[in-house]
Amino acid sequence: MIEWCAAVPAAGPWTSWFPAGRPGPGALAEHVRTTGHGHWWVDDPAAPRAAAVTCARHAVLGGDPRTTDPAGLGGLAHHYVLAPDRFLPLLGAAFERIVPWERMIWIHREPGRAARPAPGIRIRRLNGLDAPAVRGLGDDLAWITESWGGPAGVAAPGRAWGAFRGPRLLSLACVYFTGSRYEDLAAATRPGERGHGLAAACVTALCADVTARGRTPSWTCSRDNHPSRRLAAAAGFRPEQGYVHYAVGAAAVRGPVPVR
């Protein structure tokens with residue numbers, strides 16, 4: 001059974017299951033460990049044999065699946081799960097459905113193409129006073145705040161750039177998962193404002209901040225998400241590798257849930 005932990009487990013085998021310095025979803029465990037946003041799940045806090053790390057409805061698994069009862073994964077229902085192939089039988093037993101989703105990791109390799117927002121649009125860093133503007137993006141775009149616990153977390157200095165028309169936030173690019181070597185970025189734009197280069201301008205500015213911190217920006221998206229791929233290319237990212245994660249449904253058997 002995998003149980004939720006109130007604190008990151010002490011150094012142990014999990015450090016080899018979730019190695020530091022990985023791009024894309026590989027930075028999730030580092031993000032949770034260093035920011036406190038997310039959860040750790042282990043079968044035994046004193047001597048873990050299997051573990052899961054979750055944040056923003058994403059999960060990564062490591063260790064030996066033979067030590068885990070399917071009911072122990074109930075807290076991962078409706079997550080996007082990245083796991084070694086040896087976990088697939090366990091996932092199949094734990095959830096009503098598992099759907100493979102081909103994804104891509106991109107790495108920032110060169111300066112982005114210059115973007116020229118329309119007159120009246122200001123591209124700038126966000127600060128703590130911008131939380132209401134981030135919240136104003138609405139429920140459909142609220143996913144971009146989840147890895148920082150909500151709008152206030154995203155608006156903290158150094159984490160995001162936005163495109164504003166007056167006080168209204170039109171587009172946002174932020175660090176989604178931060179690691180020791182890579183910072184994985186994400187962007188969201190109001191539907192009526194897409195196609196005008198706003199996200200590209202925000203992402204390009206954020207890349208400069210990440211690079212100045214001595215880290216490398218990364219980008220992840222679905223292989224079939226052509227708008228996201230075009231945005232990544234315009235901002236200077238180049239494809240690095242593919243991977244598959246699994247969109248899992250409801251738990252097939254009842255399991256534990258994290259205490260919030």
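User: How many salt bridges does the structure hold, and what makes a pair count as one?

Analyst: The structure holds 11 salt bridges. The term means that a side-chain nitrogen of Lys or Arg lies within 4 Å of a carboxyl oxygen of Asp or Glu. This is a predicted model: local features need pLDDT of at least 70, side-chain atom pairs count only at pLDDT 80 or more, and totals for chains, interfaces and linings use all residues. Residues are numbered from 1 along each chain as its sequence is written, and side-chain values use heavy atoms, with hydrogens and water left out.

User: Why is the pair of arginine 223 and glutamate 102 called a salt bridge?

Analyst: Their side chains meet at 3.1 Å, N to O. The cut-off is within 4 Å, so the pair qualifies. This pair links distant parts of the chain, 121 residues apart. Arginine 223 is in the loop between β11 (216-222) and α7 (226-234), and glutamate 102 is in strand β6 (residues 98-108). Helices (H or I, at least four residues) and strands (E, at least two) are DSSP runs, numbered from the N terminus.

User: Is arginine 223 buried, exposed or partly exposed, and how do you know?

Analyst: Buried means under 20% relative accessible area, exposed means over 50%, and partly exposed is in between (1.4 Å probe, protein chains only). Arginine 223 has 34% relative accessibility, so it counts as partly exposed. Glutamate 102 has 46%, so it is partly exposed too.

User: What makes glutamate 110 and arginine 238 a tie between separate parts of the sequence?

Analyst: Their side chains meet in a salt bridge at 2.7 Å, N to O. Glutamate 110 lies in the loop between β6 and β7 (121-125), and arginine 238 lies in strand β12 (residues 237-248). The two parts are 128 residues apart in sequence, so the pair ties them together.

User: Which label does glutamate 183 get, and why?

Analyst: Glutamate 183 has a relative accessible area of 2%, so it is buried. Salt bridges that share partners join Glu183, Arg213 and Arg215 into one network. In the bridge between arginine 213 and glutamate 183, the closest N and O atoms are 2.8 Å apart. Arginine 213 has 37%, so it is partly exposed.

User: Why is threonine 145 called buried, and what is it in contact with?

Analyst: Threonine 145 has 9% relative accessibility, so it counts as buried. Contact means heavy atoms within 4.5 Å. Leaving aside neighbours within four places in sequence, threonine 145 is in contact with Val134, Gly150, Pro151 and Val154. Its place is in the loop between α4 (131-135) and α5 (151-155).
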